[in-house]
Structures are given as structure tokens and as C-alpha cells.
Amino acid sequence: MCGGVYYSINDGDVRFYFPNPKACLPVRMRSGGTQLLGWGRRPDQAGKLPLGGWARLDSVYEGRWDRWFPVPVKVPVKSFMEKDLEGNSHWYDLTKGQWIQGLVARHRHERRVYVVTIEPELADAIYSRWPRIMSG
């Protein structure tokens, strides 16, 4: 489900794991710049947006996120971490021109970014969810 990310911002490298309440994801703005937004919401964090840090693509298509005015965004990271079904962590690099699809949700003045996930295409995949990797 993408439990960790590694990216560069302001000439520095950052590694965040979702459980960290200060975890942020870089969001590519239409202007070309990058803005950091809080990555999802944890049970001990104030707010009205959904708990967790992920949005299933099928739930987005079904309209379950509509009440939070979802906006698709590019999340430019160098690599991301997934835990397999046995709980072992694995890091995966993105290539030039690839990004993770994110979703910015808002409720009044609260804004957070969620990683859009899909079901793995392989029947024998070792992950139950996978970030939606885009390119172009």
C-alpha cells in the first residue's frame, strides 16, 4: 500500500513512513512547483478527512470520495516502500518520468493527500494493494 516514500525537496533527500504523524508527500503543482501536503490522517489527528493514507481507485470511481472534492495529483518520489503479505519491507525505485498518482481531499480548510492504490495485476502478487504508478 506504499507505507514509505523517498524524495528530494529543497536540495535535500527525505524519507517518510506513513505512521509518522508529520509525514508529508510532495505534490506537483500545475505551475510546475512542488508543495508538501500532509499524508492522510491518523486516528490521533484532528480533522474530518478519512483515516488512512490511501484511496482505492475503484472507490474513487464509485464516488465514495466525492464529498471531499478529490483532485488527482502527481506525487513525484524517487522510490516507495511496500510490505509484502508476510510483513517484509521492499523498496521500489521509480524511473524518470514516473510518479505515484495521489488524490488531494479537502474539508473546509483541511487538505491532505492520499496515495491512490490499485489491485496488483498478477494473480500471485505478494502485495494486496499497489500504488498507481503513472508516466508521461
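How many bridges join strand 1 to strand 7, and do the two run parallel or antiparallel?

Analyst: The model is a predicted one. In it, strand 1, residues 4-9, and strand 7, residues 79-83, are joined by three bridges and run antiparallel. One place to look along this pair is Gly4, which has Met81 of strand 7 opposite.

The pair belongs to an open sheet of four strands, in the order 2-1-7-8, with antiparallel pairing. Strand 2 (12-17) and strand 8 (89-93) are at the edges of this sheet; each has a single partner strand, so one side of each has no neighbour in the sheet. From one strand to the next, the twist averages 20°. As a general point, the strands of a sheet pair through backbone hydrogen bonds, in either a parallel or an antiparallel way.

Between strand 7 and strand 8 lies a loop, and Asn88 is located there. Asn88 counts as partly exposed because its relative accessibility is 39%, and the cut-offs are under 20% for buried and over 50% for exposed. Apart from neighbours within four places in sequence, Asn88 contacts Glu82 and Lys83. Arg42 is buried but forms no salt bridge. The nearest side chain of opposite charge is that of Asp44, 6.2 Å away, whereas a salt bridge requires a distance within 4 Å. Not counting residues up to four places away in sequence, Arg42 touches Phe18, Pro19, Asn20, Pro21, Ala23 and Leu51.

As for the chain around these parts, it has one helix and twelve strands. The elements run β-β-β-β-β-α-β-β-β-β-β-β-β from the N terminus on. Of the contacts between residues at least 6 apart in sequence, 56% join residues at least 24 apart. Buried residues account for 39% of the 136 residues. The C-alpha trace spans about 40 × 35 × 30 Å along its principal axes. A compact globule of 136 residues would have a radius of gyration near 14 Å, and the chain, with 14 Å, agrees with this.

Conventions
Residues numbered from 1 in each chain as written. Predicted model: local features only at pLDDT ≥ 70, side-chain atom pairs only at ≥ 80, totals over all residues. Heavy atoms only, no water. Pairing = 2+ DSSP bridges. Axes fitted to C-alpha atoms, helices over the stretch in contact; angles between N-to-C directions. Buried < 20%, exposed > 50% of the residue type's maximum accessible area, 1.4 Å probe, protein only. Lys, Arg positive; Asp, Glu negative; His and termini not counted. Contact = heavy atoms within 4.5 Å. Rg over C-alpha atoms; globule rule 2.2 N^0.38 Å.
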